[in-house]
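Here is a short briefing on one protein structure. Look at the sequence and the fold first, then read the points below.

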Amino acid sequence: MIRVGIVGITGYTGEELLKILSNHSDVHITGLYGRSSSRDRSLKDIYSYFSHLDLKIEGFDVKKVVNRSDVVFLALPHAVSFEIVAPILDAGVKVIDLSADFRLSAPKIYEKWYNVEHTAKEYISDAVYGLSELNADKIKQASLVANPGCYPTSIILGCAPAVTNKLVDLNGIVIDSKSGISGGGRKKSQEYFSSEHPNFKAYKIAGEHRHIPEIEQELSNLSGESIKVSFTPHIIPIERGMLSTIYLSMLEQVSTAFIIEAYRKFYSGKQFIKILNKGIVSGVKDVLNTNYCAIGIKVDKRTNKLMVVSVIDNLVKGASGQAVQNMNIMFGLSESTGLL
């Protein structure tokens with residue numbers, strides 16, 4: 001059994017992790033921890049539907065955490081993981097970090113976009129970007145996995161076959177993404193449903209969103225060339241679910257069937273990627289509460305544009321589900337264990 005600790009349990013990702021891991025056949029949850037050293041709290045006092053789990057939330061104590069754990073999930077806000085990661089890794093315990101703190105390979109870029117000094121730079125080179133379908137071989141050997149963001153997961157998976165195989169112009173990639181309000185965290189979700197709901201709006205437009213450098217970094221790595229994207233995120237009046245529509249200029253005139261086959265070949269054997277048949281595009285309801293990414297493809301012959309519609313559950317494949325998928329890879333289990 002894999003001994004698992006979770007640091008940060010009161011947010012959406014911590015809650016989703018607990019849902020998945022409590023039903024994982026190869027996992028024993030040995031501890032739930034808050035960021036402070038506050039007194040213990042019963043899990044059922046926060047989530048009544050977890051009353052069947054005899055667990056309590058304890059204050060974070062690094063000795064306690066490493067003595068009990070083979071792997072620790074960090075479901076914390078950005079810039080909180082810096083001090084926590086070091087003693088856990090130094091004790092030989094694996095870490096899966098769901099924040100952005102180790103996703104970007106250049107600390108200066110992180111500091112620019114997140115407006116905070118990166119105080120754990122020495123661990124960045126050890127971190128593996130945890131997009132499971134693209135980096136499984138590296139994840140197998142990793143001690144520190146930087147779990148991807150939700151928008152980047154939907155976008156990179158939607159673009160990867162096209163940019164890797166140079167099927168499209170790498171300049172002028174346009175991405176229109178729509179997310180349920182849970183993508184902004186529990187606090188923003190509560191504010192939204194209490195004051196704005198229902199509403200539908202774009203936000204952080206014209207290159208302001210923090211996920212842009214993550215998207216550009218990984219697409220550039222795949223293509224071997226520097227890529228810049230135009231990315232517009234939107235909030236839609238649902239709690240969870242994410243849909244990204246991606247517009248790419250074709251280099252040659254080819255059919256939709258040709259692109260679908262190229263995508264299926266690229267993702268051969270990747271069970272959580274669904275490349276849909278010609279003429280089919282998924283909605284968010286098709287993937288809710290699953291770890292799947294459903295990708296619909298259409299070539300617009302009139303404009304010679306490739307249109308890719310990539311759909312995920314932002315809390316599962318976009319966060320906690322992918323984190324568990326990465327854990328499975330790290331410990332030599334089937335990627336789908338606990339996720340079906």
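Of the 68 residues in the largest nonpolar core, L74, I88, F102, Y263, I295 and L306 touch the most other members. A nonpolar core is a set of buried Ala, Val, Leu, Ile, Met, Phe, Trp, Tyr and Cys residues joined through side-chain atoms within 4.5 Å. Buried means under 20% relative accessible area, exposed means over 50%, and partly exposed lies in between (1.4 Å probe, protein chains only).

This is a predicted model: local features need pLDDT of at least 70, side-chain atom pairs count only at pLDDT 80 or more, and totals for chains, interfaces and linings use all residues. Residues are numbered from 1 along each chain as its sequence is written, and side-chain values use heavy atoms, with hydrogens and water left out.

- Helices (H or I, at least four residues) and strands (E, at least two) are DSSP runs, numbered from the N terminus.
- A second, separate core has 36 residues, including I6, I96, V128 and F272.

**F102 and F82**

- F102 touches S81, F82, V85, D97, H118, A120, Y123, I124, A127, L144 and A146, leaving aside residues up to four places away in sequence. Contact means heavy atoms within 4.5 Å.
- F82 sits in helix α4 (residues 81-90).
- Is F82 buried or exposed? F82 counts as buried, because its relative accessibility is 6%.
- Beyond residues up to four places away in sequence, F82 touches D101, F102, Y110, E117, H118, T119 and A120.
- F82 and G34 are 48 residues apart along the chain, and their C-alpha atoms are separated by 15 Å.

**The eight-stranded sheet**

- Eight strands form an open sheet with mixed pairing, in the order β3-β4-β2-β1-β5-β6-β8-β7. Two strands pair if DSSP finds at least two bridges between them.
- β3 (41-42) and β7 (127-129) stand at the edges. Each has a single partner strand, so one side of each is left without a neighbour in the sheet.
- β3 pairs with strand β4 (residues 56-59) in the antiparallel sense, over two bridges. The bridge partner of R41 in β4 is I57.
- Helix α6 (residues 132-140) packs on this sheet and touches β7 and β8 (144-146). The direction of α6 makes about 160° with that of β7. Axes are lines fitted to C-alpha atoms, for helices over the stretch in contact, and angles run from 0 to 180 degrees between N-to-C directions.

**The seven-stranded sheet**

- Seven strands form another open sheet with mixed pairing, in the order β10-β11-β9-β12-β15-β14-β13.
- The edge strands are β10 (201-202) and β13 (273-275), and each pairs on one side only.
- Strand β9 (residues 173-179) and strand β12 (residues 242-249) pair in the antiparallel sense over six bridges. K178 has L243 of β12 as its bridge partner.
- Helix α9 (residues 212-223) packs on this sheet, touching β9 and β11 (229-235). Its direction makes about 135° with that of β11.

**Strand β15 and its partners**

- Why is strand β15 (residues 305-312) described as largely enclosed by the rest of the structure? Six of its eight residues are buried, so β15 is largely enclosed.
- β12 and β15 pair in the antiparallel sense over eight bridges. S244 stands opposite S310 in β15.
- Strand β14 (residues 293-300) runs antiparallel to β15, and seven bridges join them. K298 stands opposite M307 in β15.
- β14 and β15 form a hairpin with four residues between them. N304 in the turn has a positive phi of about 55°.
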